[in-house]
Amino acid sequence: MSGQPGSGPPLYGRVLGADFARLPAPVKALHDNPGRVVASGRCRVERGDNPLARLLAALFGFPPAGNDVPLRVQITAEGAGERWERDFAGHRLASLQGEVAGRPGWLYERFGPGHFTIDPRPSERGLSFALTGARIFGVPLPRWLWPAVVGDATAAAATYRFEVSIALPLIGLLVRYHGDLVPEEG
């Protein structure tokens, strides 16, 4: 499978296999993108108060805090993976997701200086994401330095609902954002 638009199952369909069908329709719709999908909505963004947390959040390119922030997400097939481009009211955060070689059912996500391995856990409720590894500037982090990550994608009626929270040991919250997205037509 080349992962090019129209050339086989999208990334999440390949990673989750038969479990992909169990996902609620709004979650499946956002992740069933053989070429490109765009969704928009609103979210709340919170940032940690610790000065080191603010510095690290800036290094990774996380969005500034705000309530009722307009959000637009574009997911595009890129090679065998997907490029996720998030636009939080003009503040852009991009990442690349793909399959972890040799670990069926696992994903990686790269953004800023970080490379993270993730175990996506599907259910009828949606997806939850468990961190299984972390590298910064290519250096593996010991488990005690891994960020505490909460990631959930669920459905509320016809809406994709998400929550992402990232905190570090001894430093605290870097960023938390949660809200709703609806795929755009066309």
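Predicted model: local features only at pLDDT ≥ 70, side-chain atom pairs only at ≥ 80, totals over all residues.
**Charged pairs and paired strands**

Me: At 35% relative accessibility, what does arginine 22 count as?
Reply: Arginine 22 counts as partly exposed at that 35%. The cut-offs are under 20% relative accessible area for buried, over 50% for exposed, and partly exposed in between (1.4 Å probe, protein chains only).

Me: OK, back to arginine 22. Which residue does it form a salt bridge with?
Reply: The partner is aspartate 19, and the closest N and O atoms are 3.8 Å apart. A salt bridge here is a side-chain nitrogen of Lys or Arg within 4 Å of a carboxyl oxygen of Asp or Glu.

Me: And aspartate 19, is that buried or partly exposed?
Reply: Aspartate 19 is partly exposed, with 34% relative accessibility.

Me: Which residues are linked with Asp19 and Arg22 in a network?
Reply: Glu124 joins them, and the three are linked in a network of salt bridges.

Me: How many salt bridges does the count come to?
Reply: Twelve salt bridges, by that rule.

Me: Nice. What about arginine 14, which side chain does it meet?
Reply: Arginine 14 meets the side chain of glutamate 99 in a salt bridge, at 2.9 Å from N to O. Arginine 14 sits in helix α1 (residues 11-16) and glutamate 99 in strand β4 (residues 91-99), so the pair ties together parts 85 residues apart in sequence. Helices (H or I, at least four residues) and strands (E, at least two) are DSSP runs, numbered from the N terminus.

Me: Which of those two is buried?
Reply: Arginine 14 is buried, at a relative accessible area of 16%, whereas glutamate 99 is partly exposed at 37%.

Me: Where does arginine 161 find its salt-bridge partner?
Reply: Its side chain meets that of aspartate 180, with 2.7 Å from N to O. Here, too, distant parts of the chain are linked: arginine 161 belongs to strand β10 (residues 159-168) and aspartate 180 to strand β11 (residues 172-183), 19 residues apart. Arginine 161 is partly exposed at 38%, and aspartate 180 is partly exposed at 26%.

Me: Switching to strands. How many bridges join β6 to β7?
Reply: Nine bridges join strand β6 (residues 114-122) to strand β7 (residues 126-136), and the two run antiparallel. Two strands pair if DSSP finds at least two bridges between them. Look for histidine 115, which stands opposite arginine 135 in β7.

Me: What do β6 and β7 form?
Reply: They form a hairpin, with three residues between the strands.

Me: Which strand does β7 pair with over four bridges?
Reply: That is strand β9 (residues 148-156), again in the antiparallel sense. Leucine 127 stands opposite alanine 153 in β9.

Me: And how many bridges join β7 to β8?
Reply: Two bridges join β7 to strand β8 (residues 139-140), and these strands also run antiparallel. Isoleucine 136 stands opposite valine 139 in β8.

Me: Which residue in the turn between β7 and β8 has a positive phi?
Reply: Phenylalanine 137 does, with a phi of about 50°. β7 and β8 form a hairpin with two residues between them.

Notes
Residues numbered from 1 in each chain as written. Heavy atoms only, no water.
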